[in-house]
Amino acid sequence: MTFEPTKYALQNVATGNIFEDTGWLLEDTTSPQPSLIRAIYEKKQLHPKGAEYGLYTFADWLPVSRLLTGSSAPVTYKSEKLAAHLNCENLYITFSGYWREKNALMTTCSFKETEAYAVCGRMKVDMERVLVVASAGNTARAFAKVCSDNRIPLLLCVPEDNLDALWFEYPVNECVKLVAAQSGGDYFDAIHLSNIAVKSPKFFAEGGAKNVARRDGMATTVLSAVTFIGQIPDYYFQSVGSGTGAIAAWEANQRLIEDGRFGNKQMRLMVSQNIPFTPMYDAWKANSRHLLPFDDDEARKQVQIIDAKVLSNRKPPYPIAGGLYDALKASNGDVLLADNQQLRAAMQLFSDLEGNDIHPAAGVALASLIDTLKTGTVDKNAVIMLNITGGGEARFKSGKKLYGLKPDIVFPNNPDENEVLEGLERLF
């Protein structure tokens, strides 16, 4: 397969300043205020390259300098049985996971693969420092797979209580190291470890929502949907932990309008959280750009309760310029809720009607869609995109021997910074 690095510039969302990507830039250092940056692609119209390119079929709108092995693109199809059950005839499901019959071949069974292949594809071959990724589980599994398969040094920071999310088809290469935040901690404690790590010159931050490659990798779900449907949907449903996927969807929407072939609709972002951990819902309903004050210990307890553990970011990119608050305002969107009972029922419904298992986070999104259709909040005749962000795990694992990944070090929550740095530097 032939490939030339994608040509793009970077733009400050708040100021409009456009500048060159001179390296691993995560922000505009000249900005007078905190702001996300966006990729501005030279190609204004999207031309998918073909299934053989995997995720990189959408490379026109991915800030990548190389192709990595093993990727798969999200798959979109028009629902029949679930749509009939919900009495909405224009329901399109974008599935990121494992479903061989539909040619969905993400072996980590999560759309986090879209992030990992895009971020690691942005890395130059000659980058010598170690990539650092903090995760509540699925992101770590995706980055571990991609970095292991492509021999990219990686430090993962994950809550100890989420280590059961780290399962693999093959043993992970020793270029991948794992450290954990002690049991009782959460995603924020893992982020704290990663923030300490990048104070060492040996490591560099993946960047999370600030990384244009992460967001544009996630945006391939929308590119899959729109190129399949032939138009921009009316509604976009997804559960959110950080909200990065919804921000990415909003950005993809703007590019697709500029493309000119798919209409000029601004699809409404309908994002949802898992009760009782609902910081973005609480802020949105209070019409607040900033998250409302909450107790960290209480938040940790709430995270222990929710089924969708991946939706547990205590410091999401909600208030920042170009973040989720702006995306919701611009799209006339909303933040919805689903409890564990609702998401479990939705997961079972999807399995019964569509024929594949889905992750709890995807169950939250489906439960929210069901609720809005029942209440009439969403027109049953609308064109709806349901982003199933993970699924096929039971199907993929069936009959396979799987391998775990044990932490090289488990750190206490609120650890001594010097001890953390010394421990991490010994790993590489």
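Visitor: How many helices and strands does the chain have?
Guide: There are 14 helices and 18 strands in the chain. Bear in mind that this is a predicted model.

Visitor: OK, and what's the radius of gyration?
Guide: The chain has 20 Å. A compact globule with 428 residues would be near 22 Å, so the chain agrees with that. The C-alpha atoms fill a box of roughly 60 × 50 × 45 Å along the principal axes.

Visitor: What share of the residues is buried?
Guide: Buried residues make up 60% of the 428.

Visitor: And the contacts, what share joins residues at least 24 apart?
Guide: That would be 73%, counting contacts between residues at least 6 apart in sequence.

Visitor: Switching to the surface: how much of it belongs to carbon and sulfur atoms?
Guide: Carbon and sulfur atoms account for 47% of an accessible surface of about 16900 Å².

Visitor: How many positive and negative side chains are there?
Guide: The chain carries 44 positive and 50 negative ones. The centres of the two sets are 3 Å apart.

Visitor: Let's zoom in on helix α6. How many of its residues are buried?
Guide: Helix α6 spans residues 220–229, and eight of its ten residues are buried, so to speak "mostly covered".

Visitor: Which ones are they?
Guide: In α6, the buried set starts with Thr220, Thr221, Val222, Leu223 and Ser224, then takes in Ala225, Val226 and Ile229.

Visitor: What follows α6?
Guide: Gly230 does, and its phi is positive, near 95 degrees.

Key. Residues numbered from 1 in each chain as written. Predicted model: local features only at pLDDT ≥ 70, side-chain atom pairs only at ≥ 80, totals over all residues. Heavy atoms only, no water. Helix = DSSP H or I, 4+ residues; strand = E, 2+ residues; numbered from the N terminus. Rg over C-alpha atoms; globule rule 2.2 N^0.38 Å. Buried < 20%, exposed > 50% of the residue type's maximum accessible area, 1.4 Å probe, protein only. Contact = heavy atoms within 4.5 Å. Areas by Shrake-Rupley, 256 points an atom, 1.4 Å probe, with all protein chains shown as cover. Lys, Arg positive; Asp, Glu negative; His and termini not counted. Charge placed at Lys NZ, Arg CZ, Asp CG, Glu CD.
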